[in-house]
Each structure stands twice: as C-alpha cells, then as structure tokens.
Amino acid sequence: MTSKVLDQSTKAISQTDQEAIAPVTPQSSAPSLGALIRRPEMGSFIGMIAVFAFFSVFGGSNFMSLGGAASWLNVASELGIVALPVGLLMIAGYLDLSVGSVLPASSMTIAILAGHFHLPIIVGILASLGFGLAIGFINGVLVVRTKLPSFVVTLATLFAVAGLTLGLSVILTGSTSVALRSAPAAKLLLGDYIGGKFQVSIFWWIAVMAGVGFLLNFSRYGNWILAMGGDSISARNAGIPTDRLTIALFMASGMCAAFVGMSQAILYNSAQVAAGQSFIFNSIIAVVIGGVLLTGGYGSVVGIVLGTLTFSIVSQGIFYTGFDANWASLIIGVLLLLAVLMNNTFRTMALTYAPRKNAKARP
C-alpha cells in the first residue's frame with residue numbers, strides 16, 4: 001500500500017515538473033513577423049520597395065520593361081562590385097575614397113597597354129588588377145603603420161593616383177583618352193551585353209555577392225571584421241590579426257575597383273582619365289542606405305545589396321518620369337537621410353528586444 005502511494009506521488013511530481021518545464025521550450029522554430037521586422041536589412045528593404053513602387057507608378061511601362069530593368073541593374077552591378085568590399089571596410093571601421101581614382105587608373109592601364117602599345121589583352125587585365133591590389137596594399141600599410149584615419153590616407157591616395165594617371169597618360173600617349181579593341185573572349189567575359197540589354201557585369205556582381213556573403217556570414221573572418229569594427233584594440237588583444245586583415249580588406253577594395261574600371265574600358269572600347277569619380281560617394285551612399293554604420297561594427301551583405309539597388313533605381317528611374325532629372329540628387333539626399341533614420345530605428349528595435357515568456361510563472 002505504501003509503495004503504491006509513493007509511486008502515485010512520484011508520477012504526480014514528475015507530471016508537475018514536466019508541465020512547469022514545457023512552456024519554456026519553444027513551440028516552433030519558424031521565424032515570426034516580429035523577428036523579420038527587427039532584421040537589420042528591413043529598413044533597406046522597405047526603402048527599396050517604396051522607391052520601386054514610386055517609379056513604377058510615375059515611370060510607367062517603360063520603367064517596368066526589360067530595357068528599364070536593364071538600365072538600373074547595369075548601374076547596380078558596377079556600383080555593387082565596388083560597394084561590397086567598401087562595405088566590408090566600413091563594417092571594419094575604415095573608409096576607402098581612393099576607389100574614385102583606382103577605377104579610371106585601371107581603365108587607362110589596360111587601354112594604354114593593350115590599346116596603345118598593342119600588348120596582349122591578358123597583360124592589360126593582369127596589370128590593371130595588379131595596380132588595384134598595389135594601391136590597396138599601400139592604403140592598408142599606411143593606415144596600419146601611421147595610425148592615421150583611413151579617410152585622410154585614402155583621400156591622399158585619391159589625389160596622388162589621379163595625378164599619376166593624368167601625368168603618365170599624357171606622357172605615354174599624348175592624350176587623356178585612349179581607344180581599346182579587345183579580343184572576342186575578353187569582350188564576352190568582361191564587357192559585353194546579354195540580349196543587347198544586360199551587361200555581363202551583373203553575373204560578376206552576383207559572384208562577388210556570394211563570395212563576400214560567405215566571408216562575412218560563414219567564415220571566421222566575418223566575425224573578425226565585425227569585432228574590428230566594434231573595438232579594434234579588444235580584437236587585437238583577443239588574437240585577431242587586425243593589421244593583416246586591414247591590409248587584405250583594402251587590397252580587396254582596390255582590386256574590385258580596378259576590375260570595374262577594366263571592364264568598363266572593354267565594354268566601351270575606350271578609357272578616359274576623368275571617369276569613375278562618382279563611385280567615391282555613390283558606393284558609400286549605397287552602403288549607408290544598406291544599413292552599415294559609418295562607425296563600424298554593424299552591417300550585412302543583404303543590406304548592402306538592397307542599398308545598391310535602391311540607389312540605382314533612383315538614379316535611373318528619374319529618367320523614366322516626367323520630372324526634371326536634376327531632382328535626382330535631391331531625391332537621393334532625402335533618401336539617404338530617411339534610410340539612416342529608418343535603419344537606426346530598426347537597429348534599436350533589434351538591440352532592445354527582449355522575448356516574452358510563453359507562460360506565466362506558477363504561484
């Protein structure tokens with residue numbers, strides 16, 4: 001009799017314990033609407049949808065056509081290839097203004113070597129990419145060794161590379177514009193149109209997107225980059241090779257800028273010294289619209305891509321409306337301010353969110 005009572009009591013206690021513990025276990029692993037809203041990319045996504053809807057209404061069928069989509073996708077692909085490594089640098093707490101000079105310098109490099117001196121196109125391609133890597137290496141070493149702000153260092157290299165490009169172009173060719181006739185294979189892979197509308201650079205953008213996404217989200221280097229942006233001193237004390245990583249990030253930025261400049265020269269069959277200056281701030285604007293903090297330590301690849309698309313839609317969509325194209329700069333300025341405010345709001349929501357308990361505590 002006593003044994004039976006003890007068994008019943010034990011079962012009752014076990015059942016009570018299970019009931020108390022069960023509510024703590026999550027009922028479902030599916031993402032909730034609240035979790036999606038608190039994502040850091042949500043502000044960028046809402047902004048892109050709003051901009052796209054606006055130009056869909058006022059741009060009409062021309063904006064929604066294949067030609068209209070190609071116009072802003074082509075711009076987004078070239079800007080995106082530059083913006084993604086620039087975004088990684090900004091997440092790590094640095095800026096790279098030198099892309100505005102590296103891009104035309106690499107364009108002139110391949111045009112002078114393969115167009116003016118008639119060397120094999122592969123020599124021009126390797127020289128262009130090597131030039132971008134070299135400028136990135138110089139930027140990284142100067143930032144690491146001098147401890148100067150990256151803004152100052154890359155601003156200096158921006159003007160230095162621009163002057164070097166102009167001076168050498170005039171000395172070697174006697175002109176600031178050089179024609180280029182590339183081989184069919186290089187044209188097909190680096191500077192051609194698909195269906196007569198879409199640039200092949202769109203596929204290169206997707207490739208860079210995948211590579212940077214893997215780096216930031218699925219490798220230890222992504223954690224290192226975020227840690228550097230949060231507190232570089234603590235990251236160094238934790239054993240992260242901050243100096244080497246900084247140099248590598250600047251080299252990646254320089255190489256991607258050189259790639260875009262090289263592909264533009266192949267696409268347009270010419271290169272000019274003055275091209276590419278708009279990429280300096282356009283890339284930063286796209287990254288900031290995408291939710292990356294200028295102070296570092298926060299950002300995502302999805303956000304950068306959405307910010308790039310938003311900027312490209314605005315810059316090209318204005319031409320499909322009846323509005324004066326001069327208003328595009330005003331729209332981009334207002335969009336930038338709204339995007340920063342919206343991203344700050346969603347970031348605050350994500351950081352201050354505390355999940356509710358699924359069940360009230362039992363008395």
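Two rings of Phe, Tyr or Trp count as a pair here if their centres lie within 6.5 Å. With that in hand, look at this predicted model and pick out Phe-52, Phe-54, Phe-55, Phe-58, Phe-63, Trp-72 and Tyr-320, which form one aromatic cluster. A search of the whole structure turns up 10 aromatic pairs. Take Tyr-221 and Trp-224: their ring centres are 5.2 Å apart and their planes sit at 80 degrees, so this pair is edge-to-face, the cut-off for that label being over 60 degrees.

How are Tyr-221 and Trp-224 placed along helix H10? They are 3 residues apart in H10, which covers residues 220-230, and that separates them by about one helical turn. An α-helix has 3.6 residues a turn, so residues three or four places apart point the same way. As for cover, Tyr-221 is partly exposed, at a relative accessible area of 34%.

Now step back to the whole chain. You'll find 15 helices and 4 strands in it. Of its 363 residues, 45% count as buried. If you take the contacts with a separation of 6 or more, 79% of them come from residues 24 or more positions apart. The chain exposes about 18600 Å², and carbon and sulfur atoms supply 69% of that area.

For a look at how two helices meet, go to H5 (residues 99-116) and H7 (residues 150-173). Their axes are 8 Å apart and they pack at an angle of about 20 degrees. Angles under 35 degrees count as roughly parallel, and H5 and H7 are therefore roughly parallel to each other. The crossing of H5 past H7 is left-handed. On the H5 side, the contact is made by Gly-100, Ser-101, Val-102, Pro-104, Ala-105, Met-108, Ile-112 and His-116. H7 answers with Leu-158, Val-161, Ala-162, Thr-165, Ser-169, Leu-172 and Thr-173.

Last stop: helix H13, residues 279-289. Why is H13 described as largely enclosed by the rest of the structure? Because 9 of its 11 residues are buried, where buried means under 20% relative accessible area. Walking along H13, the buried residues are Phe-279, Ile-280, Ser-283, Ile-284, Ile-285, Ala-286, Val-287, Val-288 and Ile-289. After H13 comes Gly-291, and its phi is positive, near 100 degrees.

Terms used: Residues are numbered from 1 along each chain as its sequence is written. This is a predicted model: local features need pLDDT of at least 70, side-chain atom pairs count only at pLDDT 80 or more; totals for chains, interfaces and linings use all residues. Side-chain values use heavy atoms; hydrogens and water are left out. Rings of Phe, Tyr and Trp (its six-membered ring) pair if their centres lie within 6.5 Å; planes under 30 degrees apart count as stacked, over 60 as edge-to-face and the rest as tilted. Buried means under 20% relative accessible area, exposed over 50%, partly exposed in between (1.4 Å probe, protein chains only). Contact means heavy atoms within 4.5 Å. Accessible areas come from the Shrake-Rupley method with a 1.4 Å probe; for residues, only the protein chains shown count as cover. Axes are lines fitted to C-alpha atoms, for helices over the stretch in contact, and angles run from 0 to 180 degrees between N-to-C directions. Angles under 35 degrees count as roughly parallel, over 145 as roughly antiparallel, 65 to 115 as roughly perpendicular and the rest as oblique. A crossing is left-handed if the near helix is turned anticlockwise from the far one by less than a right angle, and right-handed if clockwise.
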